[in-house]
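Hello,

Here is the structure I promised to pass on.

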Amino acid sequence: MIYVIFNEPYLEYEIHSLLREFFPQDDVQLYYAGGVLEKNRENVACQGRDAGELSDERLKSAKAVLYVNYGDREAEFIWDEDGNKLNKKFPVPKTKCDAKKTAVKQELYKMLSDRCGEGMPWGTLTGIRPTRIALQFLEAGHNEDFVKKKMRGKYLVSEKKTALATEIAKKEHSIISGINCENGFSLYVGIPFCPTRCLYCSFTSYPLAEHKGEVDHYLDALEAEMDAVAGKCVGRELHSVYIGGGTPTTLEPGQLGRLAEMIKSRFNFSHCREFTVESGRPDSITPEKLEAMREAGVGRISINPQTMKQETLDLIGRKHTVGQTVDSFKMARKAGFCNINMDLIVGLPGEDIDDVAHTMDEIAKLSPESVTVHSLAIKRASRLNIEWETYGQMQMQNSQEHMSLCEGRCADIGLFPYYLYRQKGMAGNMENVGYAREGMEGIYNILMMEEKESIIALGAGSVSKFVRPDSTQIVRTENVKDVKNYLGRIDEMIARKIKKMEELGWH
(Lines give C-alpha, C1' and ligand atoms only; values in the text may rest on other atoms or scores of the structure.)
Protein backbone atom coordinates (compact mmCIF):
# COMPACT_ATOMS: atom_id res chain seq x y z
CA MET A 1 0.00 0.00 0.00
CA ILE A 2 1.22 3.48 -0.91
CA TYR A 3 -0.58 6.50 0.55
CA VAL A 4 -0.43 9.94 -1.07
CA ILE A 5 -1.44 12.90 1.07
CA PHE A 6 -2.10 16.26 -0.65
CA ASN A 7 -2.29 19.64 1.03
CA GLU A 8 -4.47 20.85 -1.88
CA PRO A 9 -6.12 19.22 -4.92
CA TYR A 10 -3.85 19.43 -7.95
CA LEU A 11 -2.52 16.80 -10.39
CA GLU A 12 -3.90 13.92 -8.33
CA TYR A 13 -4.59 11.81 -11.40
CA GLU A 14 -1.14 12.40 -12.89
CA ILE A 15 0.66 11.65 -9.63
CA HIS A 16 -1.41 8.52 -9.04
CA SER A 17 -0.68 7.30 -12.59
CA LEU A 18 3.05 7.94 -12.30
CA LEU A 19 3.25 6.02 -9.03
CA ARG A 20 1.39 3.11 -10.62
CA GLU A 21 3.96 3.10 -13.45
CA PHE A 22 6.80 2.63 -10.95
CA PHE A 23 4.89 0.36 -8.55
CA PRO A 24 2.40 -1.62 -10.69
CA GLN A 25 1.69 -4.26 -8.05
CA ASP A 26 0.92 -1.82 -5.23
CA ASP A 27 -2.38 -0.20 -4.35
CA VAL A 28 -2.08 3.60 -4.39
CA GLN A 29 -4.62 5.54 -2.31
CA LEU A 30 -5.12 9.30 -2.22
CA TYR A 31 -5.91 11.45 0.81
CA TYR A 32 -6.27 15.17 1.56
CA ALA A 33 -4.98 16.85 4.71
CA GLY A 34 -6.22 19.81 6.73
CA GLY A 35 -9.87 19.86 5.75
CA VAL A 36 -9.06 20.29 2.08
CA LEU A 37 -11.59 17.71 1.00
CA GLU A 38 -14.61 19.57 2.38
CA LYS A 39 -13.44 22.94 1.09
CA ASN A 40 -12.58 21.82 -2.42
CA ARG A 41 -14.68 18.74 -3.11
CA GLU A 42 -15.87 20.12 -6.46
CA ASN A 43 -12.23 20.51 -7.60
CA VAL A 44 -11.02 17.06 -6.51
CA ALA A 45 -10.02 15.02 -9.55
CA CYS A 46 -9.73 11.56 -7.97
CA GLN A 47 -11.63 9.61 -5.35
CA GLY A 48 -9.52 10.85 -2.45
CA ARG A 49 -10.45 10.70 1.22
CA ASP A 50 -9.80 12.70 4.36
CA ALA A 51 -6.31 12.08 5.73
CA GLY A 52 -7.82 12.11 9.19
CA GLU A 53 -8.89 8.53 8.52
CA LEU A 54 -5.24 7.43 8.51
CA SER A 55 -4.06 6.28 11.92
CA ASP A 56 -0.38 6.16 12.86
CA GLU A 57 -0.55 2.37 12.67
CA ARG A 58 -1.86 2.45 9.10
CA LEU A 59 0.80 4.92 8.06
CA LYS A 60 3.54 2.77 9.59
CA SER A 61 2.23 -0.38 7.90
CA ALA A 62 2.25 1.22 4.45
CA LYS A 63 5.01 0.48 1.96
CA ALA A 64 5.53 4.23 1.62
CA VAL A 65 3.78 7.56 2.17
CA LEU A 66 4.18 10.43 -0.28
CA TYR A 67 3.32 13.89 1.02
CA VAL A 68 2.59 16.43 -1.73
CA ASN A 69 2.72 20.02 -0.53
CA TYR A 70 2.03 22.94 -2.85
CA GLY A 71 3.15 26.41 -1.80
CA ASP A 72 2.89 29.88 -3.33
CA ARG A 73 5.93 29.53 -5.58
CA GLU A 74 7.42 26.29 -4.33
CA ALA A 75 6.31 22.65 -4.12
CA GLU A 76 7.61 19.82 -1.99
CA PHE A 77 7.58 16.04 -2.07
CA ILE A 78 8.30 14.01 1.06
CA TRP A 79 8.83 10.28 0.44
CA ASP A 80 8.55 8.38 3.73
CA GLU A 81 9.56 4.73 3.54
CA ASP A 82 10.34 2.71 6.67
CA GLY A 83 10.76 5.94 8.60
CA ASN A 84 13.38 7.24 6.20
CA LYS A 85 12.26 10.50 4.64
CA LEU A 86 13.45 11.96 1.37
CA ASN A 87 12.56 15.62 0.91
CA LYS A 88 12.57 17.41 -2.41
CA LYS A 89 11.68 21.09 -2.79
CA PHE A 90 11.55 22.83 -6.13
CA PRO A 91 10.28 26.12 -7.59
CA VAL A 92 6.96 26.24 -9.47
CA PRO A 93 4.91 29.05 -11.05
CA LYS A 94 2.33 30.63 -8.76
CA THR A 95 -0.64 29.86 -11.00
CA LYS A 96 -1.69 26.52 -12.39
CA CYS A 97 -0.29 26.25 -15.89
CA ASP A 98 1.54 23.88 -18.21
CA ALA A 99 4.94 24.90 -16.82
CA LYS A 100 3.82 24.11 -13.28
CA LYS A 101 2.38 20.76 -14.32
CA THR A 102 5.60 19.88 -16.17
CA ALA A 103 7.77 20.82 -13.19
CA VAL A 104 5.74 18.75 -10.72
CA LYS A 105 5.70 15.66 -12.94
CA GLN A 106 9.41 15.94 -13.77
CA GLU A 107 10.48 16.29 -10.15
CA LEU A 108 8.32 13.37 -9.01
CA TYR A 109 9.64 11.27 -11.88
CA LYS A 110 13.25 12.04 -10.90
CA MET A 111 12.52 11.22 -7.25
CA LEU A 112 10.93 7.88 -8.14
CA SER A 113 13.71 7.07 -10.61
CA ASP A 114 16.28 7.64 -7.86
CA ARG A 115 14.25 5.52 -5.45
CA CYS A 116 13.86 2.61 -7.90
CA GLY A 117 17.30 2.86 -9.48
CA GLU A 118 15.97 3.31 -13.01
CA GLY A 119 13.57 5.43 -15.02
CA MET A 120 10.63 4.49 -17.20
CA PRO A 121 10.96 4.15 -20.99
CA TRP A 122 8.14 6.64 -21.61
CA GLY A 123 9.25 9.14 -18.98
CA THR A 124 6.46 11.19 -17.44
CA LEU A 125 3.89 10.20 -20.08
CA THR A 126 0.97 8.38 -18.45
CA GLY A 127 -2.52 7.98 -19.86
CA ILE A 128 -1.59 9.65 -23.13
CA ARG A 129 -0.82 8.46 -26.65
CA PRO A 130 2.85 9.35 -27.21
CA THR A 131 2.56 9.61 -30.98
CA ARG A 132 -0.18 12.21 -30.60
CA ILE A 133 2.30 14.64 -29.08
CA ALA A 134 4.80 14.07 -31.86
CA LEU A 135 2.09 14.26 -34.52
CA GLN A 136 0.78 17.58 -33.21
CA PHE A 137 4.26 19.11 -33.48
CA LEU A 138 4.69 17.80 -37.04
CA GLU A 139 1.27 19.13 -38.05
CA ALA A 140 2.25 22.52 -36.63
CA GLY A 141 5.17 22.59 -39.06
CA HIS A 142 8.02 21.65 -36.70
CA ASN A 143 10.82 19.40 -37.91
CA GLU A 144 11.87 16.02 -36.58
CA ASP A 145 14.69 17.38 -34.43
CA PHE A 146 12.28 19.76 -32.67
CA VAL A 147 9.90 16.88 -31.95
CA LYS A 148 12.65 14.74 -30.46
CA LYS A 149 13.94 17.63 -28.34
CA LYS A 150 10.47 18.18 -26.87
CA MET A 151 9.88 14.48 -26.18
CA ARG A 152 13.22 14.12 -24.43
CA GLY A 153 13.31 17.49 -22.66
CA LYS A 154 9.73 18.01 -21.51
CA TYR A 155 8.51 14.45 -21.04
CA LEU A 156 11.85 12.73 -20.27
CA VAL A 157 11.11 9.97 -22.78
CA SER A 158 14.02 7.61 -23.48
CA GLU A 159 16.00 8.09 -26.66
CA LYS A 160 14.78 4.82 -28.16
CA LYS A 161 11.10 5.50 -27.46
CA THR A 162 11.46 9.07 -28.71
CA ALA A 163 12.81 7.75 -32.00
CA LEU A 164 9.98 5.19 -32.23
CA ALA A 165 7.22 7.74 -31.53
CA THR A 166 8.70 10.21 -34.02
CA GLU A 167 9.04 7.61 -36.76
CA ILE A 168 5.44 6.48 -36.31
CA ALA A 169 4.14 10.07 -36.16
CA LYS A 170 5.83 10.78 -39.50
CA LYS A 171 4.16 7.72 -41.02
CA GLU A 172 0.76 8.70 -39.60
CA HIS A 173 1.18 12.27 -40.82
CA SER A 174 1.80 11.10 -44.39
CA ILE A 175 -1.29 8.86 -44.31
CA ILE A 176 -3.71 11.22 -42.56
CA SER A 177 -2.79 14.23 -44.70
CA GLY A 178 -4.60 12.63 -47.64
CA ILE A 179 -7.84 12.04 -45.74
CA ASN A 180 -10.63 14.58 -45.32
CA CYS A 181 -11.05 14.00 -41.60
CA GLU A 182 -13.13 17.11 -40.95
CA ASN A 183 -15.97 15.89 -43.15
CA GLY A 184 -15.30 12.20 -42.69
CA PHE A 185 -16.03 9.38 -40.30
CA SER A 186 -15.26 5.73 -39.71
CA LEU A 187 -17.67 3.01 -38.71
CA TYR A 188 -17.14 0.45 -35.95
CA VAL A 189 -19.53 -2.48 -35.53
CA GLY A 190 -19.15 -4.61 -32.42
CA ILE A 191 -19.96 -8.34 -32.33
CA PRO A 192 -19.73 -9.30 -28.65
CA PHE A 193 -19.62 -13.09 -29.00
CA CYS A 194 -16.60 -15.38 -28.67
CA PRO A 195 -15.98 -19.15 -28.65
CA THR A 196 -14.62 -18.74 -25.07
CA ARG A 197 -13.44 -15.84 -22.94
CA CYS A 198 -9.66 -15.43 -22.76
CA LEU A 199 -7.84 -15.04 -19.45
CA TYR A 200 -6.67 -11.46 -20.15
CA CYS A 201 -9.82 -10.19 -21.90
CA SER A 202 -11.67 -7.14 -20.59
CA PHE A 203 -13.70 -6.42 -23.74
CA THR A 204 -17.44 -6.84 -24.14
CA SER A 205 -17.44 -10.58 -24.89
CA TYR A 206 -19.89 -13.40 -24.24
CA PRO A 207 -19.42 -17.17 -24.88
CA LEU A 208 -21.38 -18.04 -28.00
CA ALA A 209 -22.63 -21.34 -26.58
CA GLU A 210 -24.65 -19.45 -23.94
CA HIS A 211 -25.99 -16.79 -26.35
CA LYS A 212 -26.39 -18.58 -29.68
CA GLY A 213 -30.15 -17.99 -29.71
CA GLU A 214 -29.64 -14.22 -29.38
CA VAL A 215 -27.38 -13.67 -32.40
CA ASP A 216 -30.12 -13.03 -34.96
CA HIS A 217 -31.94 -10.75 -32.51
CA TYR A 218 -28.66 -8.92 -32.01
CA LEU A 219 -28.33 -8.39 -35.76
CA ASP A 220 -31.90 -7.06 -35.81
CA ALA A 221 -30.95 -4.49 -33.17
CA LEU A 222 -27.79 -3.55 -35.07
CA GLU A 223 -29.88 -3.06 -38.19
CA ALA A 224 -32.22 -0.69 -36.36
CA GLU A 225 -29.26 1.27 -35.03
CA MET A 226 -27.75 1.48 -38.52
CA ASP A 227 -31.03 2.65 -40.04
CA ALA A 228 -31.18 5.54 -37.59
CA VAL A 229 -27.53 6.56 -37.86
CA ALA A 230 -27.09 6.27 -41.62
CA GLY A 231 -29.48 9.14 -42.33
CA LYS A 232 -27.31 11.48 -40.23
CA CYS A 233 -24.18 10.58 -42.21
CA VAL A 234 -25.39 11.68 -45.64
CA GLY A 235 -22.91 14.08 -47.24
CA ARG A 236 -20.00 12.86 -45.12
CA GLU A 237 -17.19 10.60 -46.33
CA LEU A 238 -16.94 7.09 -44.89
CA HIS A 239 -13.22 6.24 -44.75
CA SER A 240 -13.02 2.90 -42.98
CA VAL A 241 -15.22 0.14 -41.61
CA TYR A 242 -14.07 -2.12 -38.77
CA ILE A 243 -16.09 -5.08 -37.53
CA GLY A 244 -14.63 -6.06 -34.17
CA GLY A 245 -15.56 -7.80 -30.99
CA GLY A 246 -15.59 -10.22 -29.43
CA THR A 247 -14.99 -12.45 -32.41
CA PRO A 248 -17.08 -11.46 -35.46
CA THR A 249 -16.42 -14.82 -37.13
CA THR A 250 -18.46 -16.58 -34.47
CA LEU A 251 -21.31 -15.55 -36.79
CA GLU A 252 -22.42 -18.11 -39.36
CA PRO A 253 -21.64 -17.44 -43.04
CA GLY A 254 -25.18 -16.25 -43.73
CA GLN A 255 -25.11 -13.96 -40.72
CA LEU A 256 -21.76 -12.49 -41.82
CA GLY A 257 -23.20 -11.87 -45.28
CA ARG A 258 -26.28 -10.27 -43.80
CA LEU A 259 -24.18 -7.98 -41.59
CA ALA A 260 -22.01 -6.84 -44.48
CA GLU A 261 -25.04 -6.18 -46.67
CA MET A 262 -26.67 -4.19 -43.87
CA ILE A 263 -23.64 -1.90 -43.82
CA LYS A 264 -23.09 -1.57 -47.57
CA SER A 265 -26.74 -0.87 -48.34
CA ARG A 266 -26.90 2.00 -45.85
CA PHE A 267 -23.54 3.76 -46.19
CA ASN A 268 -21.76 5.21 -49.21
CA PHE A 269 -18.51 3.30 -49.81
CA SER A 270 -17.18 5.55 -52.59
CA HIS A 271 -14.50 7.04 -50.28
CA CYS A 272 -13.98 3.93 -48.12
CA ARG A 273 -10.31 2.96 -48.04
CA GLU A 274 -10.56 -0.09 -45.81
CA PHE A 275 -13.10 -2.76 -44.80
CA THR A 276 -11.77 -4.91 -41.95
CA VAL A 277 -13.21 -7.90 -40.10
CA GLU A 278 -11.35 -8.98 -36.98
CA SER A 279 -11.59 -12.71 -37.54
CA GLY A 280 -9.49 -13.17 -34.43
CA ARG A 281 -9.85 -16.70 -33.14
CA PRO A 282 -8.53 -19.32 -35.61
CA ASP A 283 -11.08 -21.85 -34.30
CA SER A 284 -13.91 -19.62 -35.57
CA ILE A 285 -12.74 -19.49 -39.21
CA THR A 286 -14.11 -21.72 -41.96
CA PRO A 287 -13.85 -21.65 -45.78
CA GLU A 288 -17.54 -20.72 -45.96
CA LYS A 289 -17.08 -17.72 -43.68
CA LEU A 290 -14.03 -16.55 -45.62
CA GLU A 291 -16.01 -16.82 -48.85
CA ALA A 292 -18.88 -14.82 -47.35
CA MET A 293 -16.47 -12.05 -46.32
CA ARG A 294 -14.77 -11.97 -49.72
CA GLU A 295 -18.12 -11.74 -51.51
CA ALA A 296 -19.06 -8.84 -49.22
CA GLY A 297 -15.95 -6.90 -50.21
CA VAL A 298 -13.96 -7.31 -46.99
CA GLY A 299 -10.34 -6.55 -47.87
CA ARG A 300 -8.53 -6.86 -44.55
CA ILE A 301 -8.84 -9.51 -41.83
CA SER A 302 -7.02 -10.27 -38.61
CA ILE A 303 -6.10 -13.81 -37.55
CA ASN A 304 -4.76 -13.60 -34.02
CA PRO A 305 -2.60 -16.34 -32.51
CA GLN A 306 -1.50 -14.20 -29.48
CA THR A 307 1.23 -16.83 -29.04
CA MET A 308 2.49 -19.86 -30.92
CA LYS A 309 3.18 -21.79 -27.71
CA GLN A 310 0.49 -24.40 -27.14
CA GLU A 311 0.90 -24.55 -23.36
CA THR A 312 0.20 -20.82 -23.12
CA LEU A 313 -2.85 -21.07 -25.39
CA ASP A 314 -4.27 -23.74 -23.08
CA LEU A 315 -3.52 -21.64 -20.00
CA ILE A 316 -5.17 -18.45 -21.28
CA GLY A 317 -8.30 -20.23 -22.50
CA ARG A 318 -7.91 -19.80 -26.25
CA LYS A 319 -9.16 -23.37 -26.91
CA HIS A 320 -7.47 -23.64 -30.29
CA THR A 321 -4.18 -25.14 -31.39
CA VAL A 322 -1.10 -23.64 -32.99
CA GLY A 323 -1.87 -25.86 -35.96
CA GLN A 324 -5.31 -24.28 -36.34
CA THR A 325 -3.68 -20.84 -36.53
CA VAL A 326 -1.45 -21.95 -39.38
CA ASP A 327 -4.30 -23.75 -41.15
CA SER A 328 -6.63 -20.74 -40.83
CA PHE A 329 -3.99 -18.41 -42.25
CA LYS A 330 -3.37 -20.67 -45.24
CA MET A 331 -7.12 -21.05 -45.71
CA ALA A 332 -7.47 -17.24 -45.86
CA ARG A 333 -4.68 -16.99 -48.41
CA LYS A 334 -6.39 -19.64 -50.54
CA ALA A 335 -9.63 -17.67 -50.29
CA GLY A 336 -7.87 -14.67 -51.83
CA PHE A 337 -7.09 -12.44 -48.80
CA CYS A 338 -3.91 -10.50 -49.43
CA ASN A 339 -4.05 -8.17 -46.41
CA ILE A 340 -3.89 -10.25 -43.22
CA ASN A 341 -2.93 -8.95 -39.79
CA MET A 342 -1.79 -11.13 -36.89
CA ASP A 343 -1.92 -10.06 -33.23
CA LEU A 344 0.40 -11.35 -30.54
CA ILE A 345 0.82 -10.54 -26.85
CA VAL A 346 4.17 -10.12 -25.11
CA GLY A 347 4.22 -10.79 -21.36
CA LEU A 348 1.74 -13.68 -21.22
CA PRO A 349 1.92 -15.78 -18.03
CA GLY A 350 4.77 -18.25 -18.01
CA GLU A 351 6.43 -17.08 -21.23
CA ASP A 352 10.03 -15.94 -21.54
CA ILE A 353 11.91 -14.22 -24.34
CA ASP A 354 12.67 -17.54 -26.04
CA ASP A 355 8.94 -18.20 -26.30
CA VAL A 356 8.42 -14.77 -27.87
CA ALA A 357 11.24 -15.46 -30.33
CA HIS A 358 9.61 -18.78 -31.25
CA THR A 359 6.25 -17.05 -31.84
CA MET A 360 7.87 -14.42 -34.06
CA ASP A 361 9.74 -17.08 -36.04
CA GLU A 362 6.52 -19.02 -36.68
CA ILE A 363 4.65 -15.87 -37.71
CA ALA A 364 7.49 -14.91 -40.06
CA LYS A 365 7.04 -18.21 -41.90
CA LEU A 366 3.46 -17.15 -42.75
CA SER A 367 4.55 -13.65 -43.87
CA PRO A 368 1.45 -11.61 -42.95
CA GLU A 369 1.01 -8.05 -44.24
CA SER A 370 0.90 -6.67 -40.71
CA VAL A 371 1.63 -7.73 -37.15
CA THR A 372 0.38 -6.00 -34.02
CA VAL A 373 2.56 -6.55 -30.97
CA HIS A 374 0.59 -6.01 -27.76
CA SER A 375 2.17 -5.69 -24.33
CA LEU A 376 0.03 -7.57 -21.82
CA ALA A 377 -2.20 -5.12 -19.94
CA ILE A 378 -3.81 -6.45 -16.79
CA LYS A 379 -7.28 -4.93 -16.79
CA ARG A 380 -9.61 -4.80 -13.81
CA ALA A 381 -12.38 -6.80 -15.54
CA SER A 382 -10.12 -9.61 -16.79
CA ARG A 383 -9.99 -13.05 -15.17
CA LEU A 384 -6.23 -12.58 -14.93
CA ASN A 385 -6.82 -9.75 -12.46
CA ILE A 386 -9.88 -11.21 -10.73
CA GLU A 387 -8.08 -14.53 -10.16
CA TRP A 388 -4.73 -12.92 -9.35
CA GLU A 389 -4.05 -15.35 -6.50
CA THR A 390 -3.94 -18.14 -9.08
CA TYR A 391 -1.89 -16.44 -11.79
CA GLY A 392 -0.04 -13.61 -10.04
CA GLN A 393 2.97 -15.76 -9.12
CA MET A 394 3.64 -16.72 -12.73
CA GLN A 395 6.30 -14.76 -14.59
CA MET A 396 4.91 -12.11 -16.93
CA GLN A 397 8.03 -10.79 -18.61
CA ASN A 398 8.29 -7.86 -20.95
CA SER A 399 11.17 -5.49 -21.54
CA GLN A 400 12.87 -3.42 -24.18
CA GLU A 401 14.73 -6.59 -25.17
CA HIS A 402 11.40 -8.32 -25.92
CA MET A 403 10.06 -5.38 -27.92
CA SER A 404 13.30 -4.95 -29.85
CA LEU A 405 13.24 -8.62 -30.75
CA CYS A 406 9.72 -8.24 -32.17
CA GLU A 407 10.68 -5.09 -34.05
CA GLY A 408 13.70 -6.80 -35.59
CA ARG A 409 11.76 -9.90 -36.64
CA CYS A 410 9.08 -7.71 -38.23
CA ALA A 411 11.70 -5.72 -40.13
CA ASP A 412 13.16 -8.99 -41.43
CA ILE A 413 9.89 -9.67 -43.29
CA GLY A 414 9.41 -6.09 -44.46
CA LEU A 415 7.09 -4.80 -41.73
CA PHE A 416 7.71 -1.40 -40.15
CA PRO A 417 5.98 0.49 -37.30
CA TYR A 418 2.97 2.62 -38.24
CA TYR A 419 0.86 3.07 -35.10
CA LEU A 420 1.35 2.89 -31.35
CA TYR A 421 -0.63 3.25 -28.17
CA ARG A 422 -0.21 2.61 -24.47
CA GLN A 423 -2.55 1.41 -21.74
CA LYS A 424 -2.46 1.33 -17.98
CA GLY A 425 -0.98 -1.77 -16.34
CA MET A 426 1.17 -2.79 -19.30
CA ALA A 427 3.88 -5.34 -18.62
CA GLY A 428 7.29 -3.67 -18.44
CA ASN A 429 5.74 -0.21 -19.00
CA MET A 430 6.00 -0.86 -22.70
CA GLU A 431 3.51 -0.24 -25.53
CA ASN A 432 1.46 -1.74 -28.33
CA VAL A 433 2.92 -1.31 -31.81
CA GLY A 434 1.44 -2.09 -35.20
CA TYR A 435 3.89 -3.10 -37.95
CA ALA A 436 2.92 -3.26 -41.62
CA ARG A 437 4.22 -3.40 -45.15
CA GLU A 438 4.20 -0.14 -47.07
CA GLY A 439 0.64 0.58 -48.21
CA MET A 440 -0.88 -2.09 -45.94
CA GLU A 441 -1.23 0.02 -42.79
CA GLY A 442 -4.51 -0.26 -40.89
CA ILE A 443 -6.21 3.07 -41.63
CA TYR A 444 -8.89 2.59 -38.97
CA ASN A 445 -6.25 2.00 -36.30
CA ILE A 446 -4.59 5.34 -37.01
CA LEU A 447 -7.81 7.34 -37.24
CA MET A 448 -9.18 5.80 -34.06
CA MET A 449 -6.06 6.06 -31.93
CA GLU A 450 -5.15 9.60 -32.95
CA GLU A 451 -8.81 10.71 -32.75
CA LYS A 452 -8.53 12.57 -36.02
CA GLU A 453 -12.07 11.91 -37.18
CA SER A 454 -15.36 10.79 -35.67
CA ILE A 455 -15.95 7.10 -35.06
CA ILE A 456 -19.59 5.99 -35.22
CA ALA A 457 -19.76 2.85 -33.09
CA LEU A 458 -22.67 0.41 -33.16
CA GLY A 459 -23.45 -2.56 -30.96
CA ALA A 460 -23.27 -3.60 -27.30
CA GLY A 461 -20.40 -2.01 -25.39
CA SER A 462 -19.38 0.25 -28.28
CA VAL A 463 -18.33 3.87 -27.74
CA SER A 464 -18.89 6.51 -30.44
CA LYS A 465 -16.34 9.33 -30.47
CA PHE A 466 -17.27 12.59 -32.17
CA VAL A 467 -14.42 14.93 -33.05
CA ARG A 468 -15.48 18.56 -32.94
CA PRO A 469 -13.74 20.49 -35.74
CA ASP A 470 -14.00 23.73 -33.76
CA SER A 471 -12.07 22.38 -30.75
CA THR A 472 -9.92 19.53 -29.46
CA GLN A 473 -12.86 18.17 -27.49
CA ILE A 474 -13.94 14.55 -28.06
CA VAL A 475 -17.61 13.87 -27.32
CA ARG A 476 -18.40 10.26 -26.41
CA THR A 477 -21.65 8.33 -26.50
CA GLU A 478 -21.69 4.82 -25.05
CA ASN A 479 -23.96 1.83 -25.59
CA VAL A 480 -24.68 -0.50 -22.68
CA LYS A 481 -22.34 -3.50 -22.51
CA ASP A 482 -24.71 -6.31 -21.58
CA VAL A 483 -26.22 -7.99 -24.66
CA LYS A 484 -29.66 -8.49 -23.13
CA ASN A 485 -29.73 -4.88 -21.95
CA TYR A 486 -28.68 -3.73 -25.41
CA LEU A 487 -31.49 -5.74 -27.03
CA GLY A 488 -34.06 -4.52 -24.52
CA ARG A 489 -32.96 -0.89 -24.61
CA ILE A 490 -32.06 -0.48 -28.28
CA ASP A 491 -34.57 2.36 -28.76
CA GLU A 492 -32.93 4.21 -25.89
CA MET A 493 -29.46 3.63 -27.36
CA ILE A 494 -30.61 4.95 -30.74
CA ALA A 495 -32.34 8.01 -29.29
CA ARG A 496 -29.32 8.92 -27.22
CA LYS A 497 -26.92 8.64 -30.15
CA ILE A 498 -29.17 10.56 -32.57
CA LYS A 499 -29.69 13.34 -30.06
CA LYS A 500 -25.94 13.75 -29.65
CA MET A 501 -25.35 13.69 -33.40
CA GLU A 502 -27.94 16.38 -33.99
CA GLU A 503 -26.46 18.54 -31.21
CA LEU A 504 -23.10 18.27 -32.97
CA GLY A 505 -24.48 19.23 -36.39
CA TRP A 506 -24.97 15.80 -37.98
CA HIS A 507 -28.15 16.19 -40.05
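Below is what I found, going from the whole chain to a few places in it.

Please keep in mind that this is a predicted model. The protein chain has 20 helices and 19 strands. Of its 507 residues, 55% count as buried. If you take the contacts between residues at least 6 apart in sequence, 71% of them join residues at least 24 apart.

I would start with strand 7, which covers residues 184–191. Since 8 of its 8 residues are buried, this strand is largely enclosed by the rest of the structure. Gly184, Ser186, Tyr188 and Gly190 point one way from the strand, while Phe185, Leu187, Val189 and Ile191 point the other way, and all are buried.

Which strands does strand 7 pair with? One of its partners is strand 10, which runs parallel to strand 7 and is joined to it by 8 bridges. Within that pairing, Gly184 has Glu237 of strand 10 as its bridge partner. Strand 17 (residues 454–458) also pairs with strand 7 in the parallel sense, over 5 bridges. There, Ile456 of strand 17 stands opposite Leu187.

Strand 10 (residues 237–245) is also where you will find His239. Is this histidine buried or exposed? His239 counts as buried, because its relative accessibility is 3%, and the cut-off for buried is under 20%. His271 lies 32 residues away from His239 along the chain, yet their C-alpha atoms are separated by 5.7 Å.

Now to a pair of helices. Helix 9 (residues 215–230) packs with helix 20 (residues 490–503) at an angle of about 20 degrees, and their axes are 10 Å apart. That angle makes helix 9 roughly parallel to helix 20, because angles under 35 degrees count that way. Their crossing is right-handed. Helix 9 makes the contact through Ala221, Ala224, Glu225, Ala228 and Val229, and helix 20 through Ile490, Ile494, Lys497, Ile498 and Met501. Sorted by class, this contact has 8 nonpolar and 2 charged residues, with no polar ones.

Best wishes

Conventions. Residues numbered from 1 in each chain as written. Predicted model: local features only at pLDDT ≥ 70, side-chain atom pairs only at ≥ 80, totals over all residues. Heavy atoms only, no water. Axes fitted to C-alpha atoms, helices over the stretch in contact; angles between N-to-C directions. Helix = DSSP H or I, 4+ residues; strand = E, 2+ residues; numbered from the N terminus. Parallel < 35°, antiparallel > 145°, perpendicular 65-115°, else oblique. Left-handed = near helix turned anticlockwise from the far one by under 90°. Contact = heavy atoms within 4.5 Å. Nonpolar A, V, L, I, M, F, W, Y, C, P; charged D, E, K, R; others polar. Buried < 20%, exposed > 50% of the residue type's maximum accessible area, 1.4 Å probe, protein only. Pairing = 2+ DSSP bridges.
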